[in-house]
Amino acid sequence: MASHHANDTLQPKLSSPSTSSPPMSVVVTPCAACKILRRRCAETCVLAPHFPPDEPLKFIMAHRVFGSSNIIKFLQELPESQRGDAVSSMVYEANARIRDPVYGSAGAIFQLQNQVNELQAQLAKAQAEVFNIQCQYAALFCIETGQSPQSSSHQSFDGFGSDESFQSSNPSFYLDQDSLWDTIWA
C-alpha cells in the first residue's frame, strides 16, 4: 500500500473540464532599455515608447553617453509630444560622441560647414569663368561683326544683340549679373 501511495503523489492530478482555471496573464516583452538594464518593464515605463525591444543598440548608445537615470529624468521633464524628438537627438548625439569623443556632433557640423564653404568657393570660381568666357565671346563677336564695343552697347549683355534664335538655343549664355557679382565679391 505504501508503494501505491507513492505512485499517487508522482502522478499529476487532472482537473475536470468544468473547473475554471485562473486567467492567463499576457507576457509583454520588455522594452530594450529595461531588457538591457535587467529590470521589470512596467506599463508606465517612460522608456518603452522610444526604445522598442527590437532596437537595443539605440538604447545602448544613448545609455553609454548619457546614462539611464539622466535619460529617464530628462524624458520625465518633457511633455510627451517632445519626447520622441528628444530621444532621436540623444541617440544622434551619442553616436556622434562615440565616433568623435572630443567634438561629438559639433565636429560633424563643422566639417559640413567647411564642405559648404568649399563648394560655394568652387561655384563662385565657375561662375567667374563663365562670365570671363562670355566677355571673351562678346569681344570676338564685336571683332567679327566689325563693331566697336561702344557701338554695340545697345546689344544685350551676352553680345548677341537681337539674334533671338541663338539666345533661345543656348540658355547657358544667360547669366544673372547681380547674383554673379554678389557671389564673386562676397
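Leu57 sits in helix H3, which spans residues 56-66. The model is predicted. Leu57 has a relative accessibility of 55%, so this residue counts as exposed. The cut-off for exposed is over 50%. Leu57 also belongs to a nonpolar surface patch, together with Ile36 and Ile60.

Next, the aromatic residues. How many aromatic pairs does the structure hold? There is one aromatic pair. Its partners are Phe51 and Phe59, with ring centres 5.2 Å apart. The ring planes stand at 80°, so the geometry is edge-to-face. Planes over 60 degrees apart fall in that class. Buried or exposed, Phe51 and Phe59? Both are buried.

His50 lies in the loop that links helix H2 (32-37) to H3. Its relative accessibility is 13%, and therefore His50 counts as buried. Buried means under 20%. The two residues with a stated accessibility compare as follows.

| Residue | Relative accessibility | Class |
|---|---|---|
| Leu57 | 55% | exposed |
| His50 | 13% | buried |

Which residues is His50 in contact with, leaving aside its neighbours within four places in sequence? The contacts are Lys58, Leu75, Arg83, Gly84 and Val87. One of these, Arg83, is 33 residues from His50 in sequence. In space, the C-alpha atoms of His50 and Arg83 are 8.0 Å apart.

Technical notes
Residues are numbered from 1 along each chain as its sequence is written. This is a predicted model: local features need pLDDT of at least 70, side-chain atom pairs count only at pLDDT 80 or more; totals for chains, interfaces and linings use all residues. Side-chain values use heavy atoms; hydrogens and water are left out. Patches are made of residues with over 30% relative accessible area and no salt bridge: like charges are joined within 9 Å, nonpolar side chains (Val, Leu, Ile, Met, Phe, Trp, Tyr) within 5 Å. Accessible areas come from the Shrake-Rupley method with a 1.4 Å probe; for residues, only the protein chains shown count as cover. A salt bridge is a side-chain nitrogen of Lys or Arg within 4 Å of a carboxyl oxygen of Asp or Glu. Helices (H or I, at least four residues) and strands (E, at least two) are DSSP runs, numbered from the N terminus. Buried means under 20% relative accessible area, exposed over 50%, partly exposed in between (1.4 Å probe, protein chains only). Rings of Phe, Tyr and Trp (its six-membered ring) pair if their centres lie within 6.5 Å; planes under 30 degrees apart count as stacked, over 60 as edge-to-face and the rest as tilted. Contact means heavy atoms within 4.5 Å.
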